[in-house]
Amino acid sequence: MSITALGSSSGPGTTGSRRDALASPHAPAPAASTTGATLLLNATYEPLCVVSSRRAIVLVLAAKAEAVDVTDDEVHAERVTVAVPVVVRLTRYVRVPYPVSVPLSRRAVFTRDGQTCVYCGGSATSIDHVVPRSRGGTHTWDNVVAACRRCNHTKADRSLAEMGWSLPHPPGAPSGAAWRLLGHRTVDPRWREWLGMPDSVSA
Ligand SMILES: [Zn+2]
């Protein structure tokens, strides 16, 4: 796994000196060698976010979360040995503010549009602005689509009406709990059953 959002490429079992951006500086320090990422579920099993494994262990030790899936790795913390969790679930439900906006990224647009060109169904290789930016089109979820290079070049700075093209459905921001994780970091394969994401989705 990689933790690109936090500037670390180290996986479980490796040692690293990544600073834990999410852990409280006053939390007990369970393990200096814990560098993995853990999927945090709400008490209802709804995915909430990704935290460092270090942070997850702190939550488990504080009885604020329980391990749902663990790795073979163990850390010694507070005189106990804890398996490094892959997925943890909060013991108490937390209310999540909505809406949660999904960061607009090339990869997220490709994922939303199924990696295919919205115009011809071919393999998507670029992002097209439906209303061209030169005509005031915005770089927002409702104006960006995945497109193949050929369609993108053919369309150029013209509108759909001028091309006689149409979209299968109006583009929009993706929604759903799993999307909160997208664009932030690599999705651990062991998280998928909790995310309800197809296998092709990666952050
Ligand atoms: Zn195309």
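This briefing covers model confidence, nonpolar cores and selected loop residues.

The structure is a predicted model, in which local features need pLDDT of at least 70, side-chain atom pairs count only at pLDDT 80 or more, and totals for chains, interfaces and linings use all residues. Residues are numbered from 1 along each chain as its sequence is written. The mean pLDDT of the protein is 78, and 72% of its residues reach 70 or more; pLDDT is the predictor's confidence in each residue, from 0 to 100.

**Confidence**

- The pLDDT is below 50 over residues 1-33, a stretch with 60 contacts in the model beyond near neighbours in sequence. Two residues are in contact if their C-beta atoms, placed from the backbone, lie within 7 Å.
- Residues 199-203 also have pLDDT below 50, with 13 contacts in the model beyond near neighbours in sequence.
- Where pLDDT is low, the predicted coordinates should not be read in detail.

**Nonpolar cores**

- The largest nonpolar core has 21 residues, and those with the most contacts inside it are L39, L40, L41, A56, V60, V87 and V88. A nonpolar core is a set of buried Ala, Val, Leu, Ile, Met, Phe, Trp, Tyr and Cys residues joined through C-beta atoms within 7 Å. A residue is buried if 20 or more other C-beta atoms lie within 10 Å of its own, exposed if 12 or fewer, and partly exposed in between, with C-beta atoms placed from the backbone.
- Two or more residues of this core come from each of β1 (37-41), β2 (47-52), α1 (53-61), β4 (80-90) and α5 (192-195). Helices (H or I, at least four residues) and strands (E, at least two) are DSSP runs, numbered from the N terminus.
- The largest share of this core, five residues, is from α1.
- Apart from this core lies another, of 14 residues, among them V102, A124, V144 and A147.
- Beyond its neighbours within four places in sequence, L40 contacts L48, C49, V50, V51, A56, V88 and L90.

**Positive phi in loops**

- Y45, in the loop between β1 and β2, has a positive phi near 75°. Y45 is exposed, with 12 other C-beta atoms within 10 Å.
- A156, in the loop between α3 (149-155) and α4 (160-163), has a positive phi near 50°. A156 is exposed, with 11 other C-beta atoms within 10 Å.
- Most residues other than glycine have a negative phi.

**W179**

- W179 lies in the loop between α4 and α5 and counts as buried, with 21 C-beta neighbours inside 10 Å.
- Leaving aside neighbours within four places in sequence, W179 contacts V102 and P174.
- The C-alpha atoms of W179 and C49 are 9.8 Å apart in space, while the residues are 130 apart in sequence.
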